[in-house]
Amino acid sequence: MSTPILEARELRVTYGGHVALDIPHLALAPGELVGVVGANGAGKSTLVNALLGWSRGAPAVSGSVRLAGEEIGALPPHARVARGLALVPEGGAVFMRLSVAENLAAATPPAGAAGRAHDEAQIEALFPRLRERRHHMASALSGGERQMLAIARALRLGPSALLLDEPSIGLAPRLVTDVLRAVRGLVDQHLSVLLVEQNVRAAIAVVDRLILLERGRILAQGPVAAMRDDPRILEAYLGEAAA
Ligand SMILES: Nc1ncnc2c1ncn2[C@@H]1O[C@H](COP(=O)(O)OP(=O)(O)OP(=O)(O)O)[C@@H](O)[C@H]1O
């Protein structure tokens, strides 16, 4: 197997005595879309945040994180971004009082990442809706448009691996499909994406591989074809229906 673009080993996050995350090994291959699913509180956000070196509160975080074979686990978030890792947090990360164009202009690629960064034309081709809404304030966008803008801003940073935390949250079903299809399109152009999703059904439709988290641990993982009928995944569906 080629060197994973992103790899974590012995990644542990603890709040006081409470283990929020305990992942012996996780790898994302170049050009792979991996879905992370699990119930509320399973540790999905904790995982993507720990990979970027960010955390809510003040947990103890330990373990190794490698990006394209280089150890980044001791670096602060901005330095990990400069190396090519980007996160779109839950709810997106946009400046509400700036226009779409200003939001995009404010996301400048770090030195060294400029070659990988999506330019304006590529972003408009990926999300035509953003071109139409160029001069609208972010606060005036729909939830789906805002999510597209948040992803577009991350692409301006020139990531080689992208972490997406619940991009479908609060979106109408058709928009969920639009956003996740766009993500699939990026992966087909060789971006690597770790996609946290509570919407198991929507994730299954686009990912290559699924990881099921429960109480901070990997309960099951595998190619989507093998996982879609796994009873534990079916249970996650039921959890989703009950949520
Ligand atoms: N600031 C914090 N202080 C204490 N415990 C926390 C904190 N943030 C998260 N946790 C704990 O970490 C665990 C994982 O939470 P996390 O938010 O990662 O789950 P999640 O799978 O992303 O759930 P959700 O879909 O609800 O966001 C939970 O047990 C939670 O209580």
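## Exercises on a predicted model

Helix 6 crosses helix 7 in a right-handed way; a crossing is right-handed if the near helix is turned clockwise from the far one by less than a right angle, and left-handed if anticlockwise. Helices (H or I, at least four residues) and strands (E, at least two) are DSSP runs, numbered from the N terminus. This is a predicted model, in which local features need pLDDT of at least 70 and side-chain atom pairs count only at pLDDT 80 or more, while totals for chains, interfaces and linings use all residues. Residues are numbered from 1 along each chain as its sequence is written.

**Exercise 1.** Describe how helix 6 and helix 7 pack.

*Solution.* Start with the geometry: helix 6 (residues 143-155) and helix 7 (residues 173-188) meet at an angle of about 15°, and their axes are 10 Å apart. Axes are lines fitted to C-alpha atoms, for helices over the stretch in contact, and angles run from 0 to 180 degrees between N-to-C directions. Helix 6 is therefore roughly parallel to helix 7 (angles under 35 degrees count as roughly parallel, over 145 as roughly antiparallel, 65 to 115 as roughly perpendicular and the rest as oblique). Next, find the partners: Gly 144, Gln 147 and Met 148 of helix 6 make the contact with Leu 175, Asp 178, Val 179 and Ala 182 of helix 7. Two residues are in contact if their C-beta atoms, placed from the backbone, lie within 7 Å.

**Exercise 2.** Decide whether Val 207 is buried or exposed, and find its contacts.

*Solution.* First locate Val 207, in the loop between helix 8 (200-206) and strand 9 (209-214). Then count: Val 207 is buried because it has 26 C-beta neighbours inside 10 Å. The cut-offs are 20 or more other C-beta atoms within 10 Å for buried, 12 or fewer for exposed, and partly exposed in between, with C-beta atoms placed from the backbone. Lastly, leaving aside neighbours within four places in sequence, Val 207 touches Leu 33, Val 34, Gly 35, Leu 195 and Val 224 by the contact rule.

**Exercise 3.** Examine the positive phi of His 190 and of Arg 215.

*Solution.* Recall the background: most residues other than glycine have a negative phi. Now take His 190, with a positive phi of about 90°. His 190 sits in the loop between helix 7 and strand 8 (192-196) and is exposed, because 11 other C-beta atoms lie within 10 Å. Then turn to Arg 215, with a positive phi near 45°. Arg 215 belongs to the loop between strand 9 and strand 10 (217-223), and its 14 C-beta neighbours inside 10 Å make it partly exposed.
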